[in-house]
Amino acid sequence: MEHWQKIFQNNIRSYDELRELIPLPNTLSPFPKFPLNIPRRLVEKMEPGDFNDPLFLQFVPLASELIATPGFVNDPVSDEAAARTTKLLHKYKGRALLLVSSACAMHCRYCFRQKYPYEKDVKEYEKELAIIEADPSITEVILSGGDPLSKGNSALGLLLEALDAIPHVKVIRFHSRFPIGIPERISDEFISLLKGISTQIVFILHVNHARELDADVVQSMKKLMALGIPVLSQSVLLRGINDSLPRLKELVLSLIHAGIVPYYLHQLDRVQNTAHFEVDPEDGIALIEQLRKEVPGYAVPTYVQEIGGEASKTPLHSVECLQA
Ligand SMILES: *Cc1c(COP(=O)(O)O)cnc(C)c1O
């Protein structure tokens, strides 16, 4: 077993285990359908007893999850309509997204793919690789999930080699949150795997709060940058977590100070039982406009919403801005 896999095995998966580390409120969701799963390092970062702590709110299932809100559905971004197989989504020109694994280092309570009909145990990608190979319009393959880094290095290595062997695939992009929970995942073995392939790699780290970016996480990203891999970030705008100017500013400044370029700020995808995380898009637009006045231009992420059936993510702008 790889070192990071032992850490992962040791994740907190029950309220009893969690209660040994931090006090819990009496507003927990009694039987969360999307199970509790938190790496110990993230629990250690929570302020004990602060039930509004931005890390606590992201990972601990609360009774607010039990509320079913109209408009909040199982497949908010029409993934299933874009599925060429259950593991390959082809939504946008030139890019195909491979669901490498259904597992993640942690379960974010707002996860938009928490109800995706994953295959039980993703092992083979033969069909998906054949589709990519037969379609020269696919020049970028996004490894997503779940989290692609939940896969062990041997399986991931085989997949990377297979993609590297397809001449029209020019970029292999990782979408991952794994290093935020378990930075040890960016191990020497993983780095050697990446060194072994010649296709350009791009790494997009999912991070929502400055406190997620500690020295170990930043070190893990620097290892990727040292290989010439651009590291960008994506965040979800979340009520009570990063929807204020000070928090958003601290997040993007922490990112650029670590050499990570903010890419997207996502409007919440309306998956069932997550309405309590939603921020009004008008407020999101106002926040981005305020942020733009405070930080370098390259520190301002593009604020986007994913609308099923559209040819790209949809940037959110103010109406005044469009009329000007
Ligand atoms: C978001 C997404 C992408 C990537 O879109 P970019 O705008 O290039 O970052 C690709 N495929 C799917 C299915 C996506 O949801």
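Start by selecting R95 and the ligand: a polar side-chain atom of R95 lies 2.7 Å from an oxygen atom of the ligand. That is a polar contact, meaning a pair of N or O atoms within 3.5 Å; within protein, one must be able to donate a hydrogen and the other to accept it, and residues adjacent in sequence count only if both atoms are side-chain atoms. Before you click on, note that this is a predicted model, where local features need pLDDT of at least 70 and side-chain atom pairs count only at pLDDT 80 or more, while totals for chains, interfaces and linings use all residues. Residues are numbered from 1 along each chain as its sequence is written, and side-chain values use heavy atoms, with hydrogens and water left out.

Then pick K313: here a side-chain N or O atom is 2.9 Å from an oxygen atom of the ligand. How much of the ligand does the protein bury? Taken alone, the ligand exposes 390 Å², and the protein buries 93% of that (accessible areas come from the Shrake-Rupley method with a 1.4 Å probe; for residues, only the protein chains shown count as cover).

Next, bring up the whole shell around the ligand: K91, Y92, R95, L97, I142, R173, Y263, Y264, E306 and K313. The shell divides into five nonpolar, no polar and five charged residues. In that count, Ala, Val, Leu, Ile, Met, Phe, Trp, Tyr, Cys and Pro are nonpolar, Asp, Glu, Lys and Arg are charged, and the others, Gly among them, are polar. Switch to cartoon view and find β2 (88–92), β3 (95–101) and β8 (261–266), each of which supplies at least two residues of the shell. Helices (H or I, at least four residues) and strands (E, at least two) are DSSP runs, numbered from the N terminus.

Go to G146, in the loop between β4 (140–145) and α6 (153–164). The peptide bond from G145 to G146 is cis, with omega near 25°.

Which loop holds S78? Look between α4 (54–59) and β1 (83–85). Phi of S78 is near 55°, a positive value in a residue other than glycine. S78 is partly exposed, with a relative accessible area of 28%; buried means under 20%, exposed over 50%, and partly exposed in between (1.4 Å probe, protein chains only).

N273 has a positive phi too, near 70°. You'll find N273 in the loop between β8 and α11 (281–292), and N273 is buried, at a relative accessible area of 16%.

Now select I138, in the loop between α5 (126–134) and β4. I138 is buried, with 0% relative accessibility. Draw a distance to V171: the two C-alpha atoms are 9.8 Å apart, although 33 residues separate them along the chain.

From there, hop to H168, in the loop between α6 and β5 (171–176). H168 is buried at 15%, and a polar atom of its side chain lies 3.2 Å from the backbone oxygen of D135.

Last stop: Q114, in the loop between β3 and α5. Is Q114 buried or exposed? Q114 counts as buried, at 19% relative accessibility. The side chain of Q114 reaches the backbone oxygen of R109 at 3.1 Å and that of C111 at 2.9 Å.

Note on methods. Near = heavy atom within 4 Å.
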